[in-house]
Amino acid sequence: MSTETEFRSGFVCFVGRPNTGKSTLTNALVGSKIAITSSRPQTTRHTIRGIVHRPHAQLILVDTPGLHRPRTLLGQRLNDLVRDTYSEVDAIGLCIPADEKIGPGDRWILEQVRQMAPKTKLIGIVTKIDKVSREKVAEQLVALSKLLGPETDVIPVSAASGEQVEMLVDLLAKSMDEGPAFYPDGEITDEPEETLMAELIREAALEGLGDELPHSLAVVIEEVIEREGRTEKQGEMLDVHALLYVERPSQKGIVIGKGGARLREVGTKARTQIEKLLGTRIFLELHVKVAKDWQRDPKQLGRLGF
Ligand SMILES: Nc1nc2c(ncn2[C@@H]2O[C@H](COP(=O)(O)OP(=O)(O)OP(=O)(O)O)[C@@H](O)[C@H]2O)c(=O)[nH]1
């Protein structure tokens, strides 16, 4: 018989329209900057896992890329990846921001989830509750509950203030089977460091840019080499070489900026983040290359890790 005190573990993914707070929520649960947040939609392209350790449970968060209407080969591949993720996880959290009315986009995602993974447990999450009044939160909970049906739990949460975050952990844990932890304590992510580095560079490169570039920019870490001859006092240092792929020469100009100024800024920003992530000093070298229509070319997609 299962009891409340049994240890539970399992996989969770958050879904929802762009900008509904999925990455921020992942960070709040994991307690460290792993998933990539940005004020720009659709930056979460890779499956990034954060692991939530609690005395009674372990949740492995799988951060899926958004669903796309599959116009390109990349769009199709991403959708396949999403479908696999949906059916493999134990629970899916549908994120609906408290400050926006539920719309066709939300309903479309719900339809996809129910269709792709009819057996996976679904939980409705009203996010960003710090942004609106209590009444608005209540209204949104009722609306979401109506949408999902009486069988489905709904819960309000604020990743920004931390309010209700532990309640969410408990609710998610309840939908897991009993079982031992999948990962040892202290391990936050099993994503290869290179993918995280590439994500941080991509995030820095997209900061403040228009809507078109996010789909056209891919980052590949070419080399990570340990600098030789460092004394113990100097500490370890890594040389990281990264390539930023864009689709058109005009985009190359945008990323590099006047006299290379923008790329230098991107480098500084990304370097700081990567140093935080790895806990070592790094020397980051960035190059921008044009790979025409890489989104439509299977060979290039493979090379870029999709
Ligand atoms: N006030 C407030 N803002 C939030 C909260 N959670 C997220 N945000 C903001 O909402 C924006 C989008 O958050 P993200 O976590 O990047 O959203 P996402 O759903 O992961 O977005 P995509 O990766 O584009 O799908 C960011 O500017 C966040 O700072 C919250 O709890 N409260």
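Mentor: Let us start with a pair of strands. Strand β8 (residues 237-246) and β9 run parallel and are joined by 10 bridges. Within this pairing, Leu 244 has Val 288 of β9 as its bridge partner. Please bear in mind that this is a predicted model.

Trainee: What is the order of the strands in the open sheet of 3 strands?

Mentor: Strands of a sheet pair through backbone hydrogen bonds, in either a parallel or an antiparallel sense. Here the order is β7-β8-β9, and the pairing is mixed. Because β7 (218-226) and β9 (281-290) are at the edges with a single partner strand each, one side of each has no neighbour in the sheet. From one strand to the next, the twist averages 20°.

Trainee: Which helix lies across β8 and β9?

Mentor: Helix α7 (residues 249-256) does so, and it runs at about 155° to β9.

Trainee: How should I read a nonpolar core, and which residues of the largest one touch the most other members?

Mentor: In soluble globular proteins, nonpolar side chains tend to be buried together. The largest nonpolar core in this model has 37 residues, and those touching the most other members are Val 12, Leu 59, Ile 92, Leu 94 and Ile 125. Elements that each supply at least two residues include β1 (8-15), α1 (22-30), β4 (91-97) and β5 (121-127). The most is given by β4, with 5 residues. Apart from this core lies another, of 24 residues, with Leu 200, Val 240, Tyr 245 and Leu 286 among them.

Trainee: How many bridges pair β4 with β5, and in which sense?

Mentor: There are 7 bridges, in the parallel sense. Ala 91 has Lys 121 of β5 as its bridge partner, and Ile 96 has Val 126. Together with helix α3 (residues 104-116), β4 and β5 make a right-handed β-α-β unit. Since 6 of the 7 residues of β5 are buried, this strand too is largely enclosed by the rest of the structure.

Trainee: Where does the chain go from β5?

Mentor: The chain crosses from β5 through α4 to β6, in a right-handed β-α-β crossover. Strand β6 (residues 154-156) runs parallel to β5 and is joined to it by 3 bridges, with Val 126 opposite Pro 156. The connecting helix α4 (residues 134-148) has 15 residues and reaches 21 Å from its first C-alpha to its last, close to the 21 Å expected. Just after α4, Gly 149 takes a positive phi of about 95°.

Conventions: Residues numbered from 1 in each chain as written. Predicted model: local features only at pLDDT ≥ 70, side-chain atom pairs only at ≥ 80, totals over all residues. Pairing = 2+ DSSP bridges. Helix = DSSP H or I, 4+ residues; strand = E, 2+ residues; numbered from the N terminus. Axes fitted to C-alpha atoms, helices over the stretch in contact; angles between N-to-C directions. Contact = placed C-beta atoms within 7 Å. Core = buried A, V, L, I, M, F, W, Y, C linked by C-beta atoms within 7 Å. Buried ≥ 20, exposed ≤ 12 C-beta atoms within 10 Å, placed from the backbone. Right-handed = clockwise from strand over helix to strand, strands pointing away. Expected span 1.5 Å × (residues − 1).
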